[in-house]
Amino acid sequence: MTRHYDAIVIGSGQGGTPLARAFAAAKKNTALIERDQVGGTCINYGCTPTKAMVASAEAAYQARRADVYGVHAGEVSVDMMKVRERKRNVVASFRSGSERRVEHVEHLDLLRGDARFTGNKSLAIALHDGATINATADVVFIDTGTRSAIPHIDGLSDVPHLDSTSIMELDAVPERLIVLGGGYVGLEFGQMFRRFGSHVTIANRGPQLLPREDPDIAEQILGILREDGIEVHNRTVATQIRKRGDAIEVDAGLDEPIRGTHLLVATGRVPNTEKLGLEQAGVKTDSHGFIPVNGNLETNVPGIYALGDVNGGPMFTHISYDDFRIVKSNLLEGKSATTEGRMVPYTVFIDPQLGRIGQTETELRRNGRPVQVATMPMSYVARALETDQTRGSMKAVVDPDTKQILGFAALGMQGGEIAAMVQIAMMGRLPYTALRDGIFSHPTLSEALNNLFAQLG
């Protein structure tokens, strides 16, 4: 027997879960299929656990520098078992909340298993209990996310290595951690484990860390990491990896191999699409396996949509959630929402944070756009001085004619929150002068925007 649903959602991430609930609330018979844990990458393997561990690393860092504030904390040690336990407890709390919101919901079936297309909007669902359900739907949503990419490096498959999930399950601090990759994941874990007590070496194949950022911002981040005692090598390509006794050795074109006790591979993400049988439904993928979509998040097959990381767009939880809002608005509310022109804010949770919104100076100049640029070090910010957190800077790029803010970066304490404030101004299409002349309470980080934008006249 084949079950028919009004909607089938494959994957319970930050786009799929609220979408399934929205369809059920609209009295549409809906199936939500999840092969692993409800909540998707963010809650189980991404934002929630990593930021819980970042908090532990921050506590260790501040304890070690307590004497700066006239406080004598004594010797600092890190208990990775307790760090892991705290992380697991936070994840369990978030996950149970997600499960409660989809279990026993009228018009919603939560099916735990693997889904595979057998035709256009028809699927076979292999349940974890061994049964198989055949199902069809009027509309299907794919929200299967991504996983860590493992590069083809000679010897890597023969050497024990970690990814962004398994590294959070370590029960002891690595003595020497090698990180392959200079992106968001590599930097967050690299700094985290340095603060836990590891010697950390980052091998980055590109000319700068965080390739999407302006070179001046990337250079400041490089300096911060090196100040923290992290060894960083740019333009470094791993060609051979081997185990030698208890050590891991990475040949990367340096005078000597990089040696460590643990190896983290943080070289990107790949989509979870290869087992979906997309060819049976006629759904096209790109050369990397991502599912291209239009501005309404619909694939090349009418009635089949792709949300979140799997569609190759910006890989952020808040973008996945906005994908949900777009689909809900269009299909359940009769609106015409689109991804075109939407803002994509993000924060890199190193310390100090990097908060970003809009375009970079590099992008704008490459496209021939005239710009004015204002920069200011965090050491000019009263609140940063008072708290002894002066590393980093703020940078704004504006249109000299319209005075609109085109892009902004805050590499500094609470950089993500500062960037969000500028984003609100951009959403309201306020000229930069509104922030230059605004009255903000003292002493706060926000008042630094007065001085930053005052540089532009």
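Residues are numbered from 1 along each chain as its sequence is written, and side-chain values use heavy atoms, leaving out hydrogens and water. Because the model is predicted, local features need pLDDT of at least 70 and side-chain atom pairs count only at pLDDT 80 or more, while totals for chains, interfaces and linings use all residues.

**Exercise 1. Describe the overall build of the protein chain.**

Step 1. Count the elements. The protein chain has 13 helices and 20 strands. Helices (H or I, at least four residues) and strands (E, at least two) are DSSP runs, numbered from the N terminus.

Step 2. Take the box. Along the principal axes, the C-alpha atoms fill roughly 70 × 65 × 40 Å.

Step 3. Look at burial. Of the 457 residues, 51% count as buried. Buried means under 20% relative accessible area, exposed means over 50%, and partly exposed lies in between (1.4 Å probe, protein chains only).

Step 4. Check the contacts, meaning heavy atoms within 4.5 Å. Among those between residues at least 6 apart in sequence, 64% join residues at least 24 apart.

**Exercise 2. Find which residues touch the most other members of the largest nonpolar core.**

Step 1. A nonpolar core is a set of buried Ala, Val, Leu, Ile, Met, Phe, Trp, Tyr and Cys residues joined through side-chain atoms within 4.5 Å.

Step 2. Name the residues. The largest core has 37 residues, and I167, F193 and I221 touch the most other members.

Step 3. Apart from the largest one lies a core of 26 residues, among them A374, A410, I418 and L445.

Step 4. Zoom in on F193. Not counting residues up to four places away in sequence, F193 touches M53, M80, I167, L170, P174, L177, S198 and V200.

**Exercise 3. Trace the surroundings of D351.**

Step 1. D351 sits in the loop between strand 16 and strand 17 (353–358). D351 counts as buried because its relative accessibility is 15%.

Step 2. List the contacts. Leaving aside neighbours within four places in sequence, D351 meets E58, Y61, Q191, R195, I224 and R391.

Step 3. Find the salt bridge (a side-chain nitrogen of Lys or Arg within 4 Å of a carboxyl oxygen of Asp or Glu). R195 pairs with D351, the closest N and O atoms being 2.9 Å apart. R195 is in helix 5, and the two partners are 156 residues apart. Both R195 and D351 are buried.

Step 4. Extend to the network. Salt bridges that share partners join E58, R195, E227, D228, D351 and R391.

Step 5. Check the backbone. A cis peptide bond joins D351 and P352, with omega about 5°.

**Exercise 4. Compare the setting of R116 and E279, a salt-bridged pair.**

Step 1. Take the distance. The closest N and O atoms are 3.5 Å apart.

Step 2. R116 lies in strand 3 and E279 in helix 7, so the pair ties together parts that are 163 residues apart in sequence.

Step 3. R116 is partly exposed at 37% relative accessible area. E279 is exposed at 53%.

Step 4. The structure holds 32 salt bridges.

**Exercise 5. Locate L297 and state whether this residue is buried or exposed.**

Step 1. Check phi. The phi of L297 is near 75°, a positive value in a residue other than glycine.

Step 2. L297 lies in the loop between helix 7 (278–281) and strand 15 (304–306).

Step 3. Read the burial. L297 is buried, with a relative accessible area of 2%.
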